[in-house]
Amino acid sequence: MTVNPARQTNEHEIQTQQKRVLYAASDYESSAGHKNMLQLIHLRWIAMLGQVSTIALATWVFEIKLPLLQISYVIAGLIAFNIASHLRWHEEVKVSNKELFFALLIDVSILTAQLYLSGGTSNPFAFLYLLQVILSAVLLEAWSTWLIVAITGCCLFGLSLFYYPLVLPPDHIDSMPGLYQDGMIICFLVNAALLVFFLTRINDNLSSRDAQLADLRQHASEEEHIVKMGLLASGAAHELGTPLATLSVIVGDWRRMPEFSKNPELLEEINEMQRQLQRCKSIVSSILLSAGEARGESSVKTTLNTFLKHLADDFKATRPIQTFLFENLIKEDVPVVFDSALKQMMCNVLDNALEASPNWLSLTVSSTDNLLNIVVSDRGPGFLPDILEKLGQPYQSTKGRPGSGLGIFFVVNVARKLGGSVTARNLEQGGAAVKIVLPLSAIML
């Protein structure tokens with residue numbers, strides 16, 4: 001049993017692409033976690049400023065006696081932890097769920113210590129636990145969130161039994177209910193403001209991550225589709241080799257037969273059949289070579305102008321076109337490396353334009369700002385609006401044939417892999433233009 005090496009290569013590429021998607025998705029998750037960790041660090045600085053302000057207000061304005069030394073130790077520990085967090089996460093960009101959970105757990109511990117030293121559950125700022133719970137629900141996985149809920153519940157229960165009582169001056173004892181009510185209002189406003197401000201920024205981070213993941217999955221699906229197309233193409237090319245060789249032998253025998261050799265018209269048709277068969281065999285060989293070798297192993301070292309001239313001459317010689325205009329505006333020739341995928345990409349655009357406009361076709365090439373600009377214009381009916389909106393998606397075509405619409409899909413993906421782009425537009429004078437922009441650095445030696 002013969003094993004097709006191209007098939008094994010393409011199947012390996014599919015598995016590699018799937019692994020690459022998983023790794024990239026993990027990177028996006030970690031990147032969003034890093035941004036959220038930085039938000040927590042910023043929130044912690046604001047919380048420390050609010051704690052110092054509240055302690056100063058309670059001590060100097062309301063003359064409430066607090067264990068300032070112990071409280072200052074807690075604030076100093078929080079400052080040290082936040083500085084260490086800033087230094088670490090400034091360099092490290094990957095943040096896991098466990099690390100976010102640990103950071104929120106430290107915040108809960110600091111808040112518990114502060115409440116323990118300032119009245120326990122009789123302190124209206126005990127409702128700041130809700131801030132920690134809501135943040136955990138947004139940032140953490142489900143098991144981590146429920147664990148934070150359980151821990152904060154245990155802390156509240158413990159603070160109802162063990163705490164340093166608030167000591168009010170004798171002339172403020174009667175105003176205790178009013179002070180508690182004022183504290184509740186301040187706590188509510190602080191909770192609401194912090195939640196709106198930081199949850200908005202955190203949701204932006206999460207939305208950006210989701211958009212990146214959706215874009216990644218779309219690109220991965222398109223690239224996997226291309227790999228499968230390569231698998232089918234290499235398999236078909238492998239199977240077509242034998243019948244093409246048989247046809248070539250038969251046509252060669254016909255050419256030597258007296259019935260054909262004495263008839264100039266039939267002999268010319270046989271010669272044309274041989275040329276087309278040779279072209280088919282060349283295409284099959286190119287497909288097998290591209291599928292069986294790594295990119296770069298079958299690359300050709302040449303110059304930019306030489307490659308473009310050979311491409312234009314070969315296209316004109318092998319396609320039945322009346323007028324083909326080739327305009328090369330590149331003044332400074334540069335050494336480049338081209339492989340079969342790049343040549344096939346450009347030929348796909350030219351073939352599509354030729355099918356839409358069999359009598360006239362234009363290829364214009366220029367170079368600006370280290371970018372290679374390739375413009376293919378035709379005088380056909382142009383693109384439909386919905387085709388322009390979905391340019392680059394598979395099976396978007398007006399030809400009405402099964403499998404049509406894959407050419408421009410292939411072109412867009414090859415250009416994107418090289419860091420370039422493909423755009424299309426309808427011309428005012430009629431026809432359409434497709435523009436391919438490639439960075440010269442991707443193909444230069």
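**Exercise 1.** Determine whether Phe-162 is buried or exposed in this predicted model, and where it sits.

*Solution.* Phe-162 counts as exposed because its relative accessibility is 56%, where exposed means over 50%, buried under 20% and partly exposed in between, with a 1.4 Å probe and protein chains only. Its place is in the loop between α5 (142-159) and α6 (176-256), helices being DSSP runs of H or I with at least four residues, numbered from the N terminus. The model is predicted, so local features need pLDDT of at least 70 and side-chain atom pairs pLDDT 80 or more, whereas totals for chains, interfaces and linings use all residues. Residues are numbered from 1 along each chain as its sequence is written, and side-chain values use heavy atoms, without hydrogens and water.

**Exercise 2.** Work out whether Ile-110 is buried or exposed, and describe the helix that holds it.

*Solution.* Ile-110 is found in helix α3, and it counts as buried because its relative accessibility is 16%. Helix α3 covers residues 97-116, 20 residues in total, and reaches 28 Å from its first C-alpha to its last, close to the 28 Å expected at 1.5 Å a residue, the expected span being 1.5 Å times one less than the number of residues. Other buried residues of α3 include Leu-104, Val-108 and Leu-111. Along the chain, Ile-110 and Leu-78 are 32 residues apart, while their C-alpha atoms are separated by 7.1 Å.

Conventions:
Helices (H or I, at least four residues) and strands (E, at least two) are DSSP runs, numbered from the N terminus.
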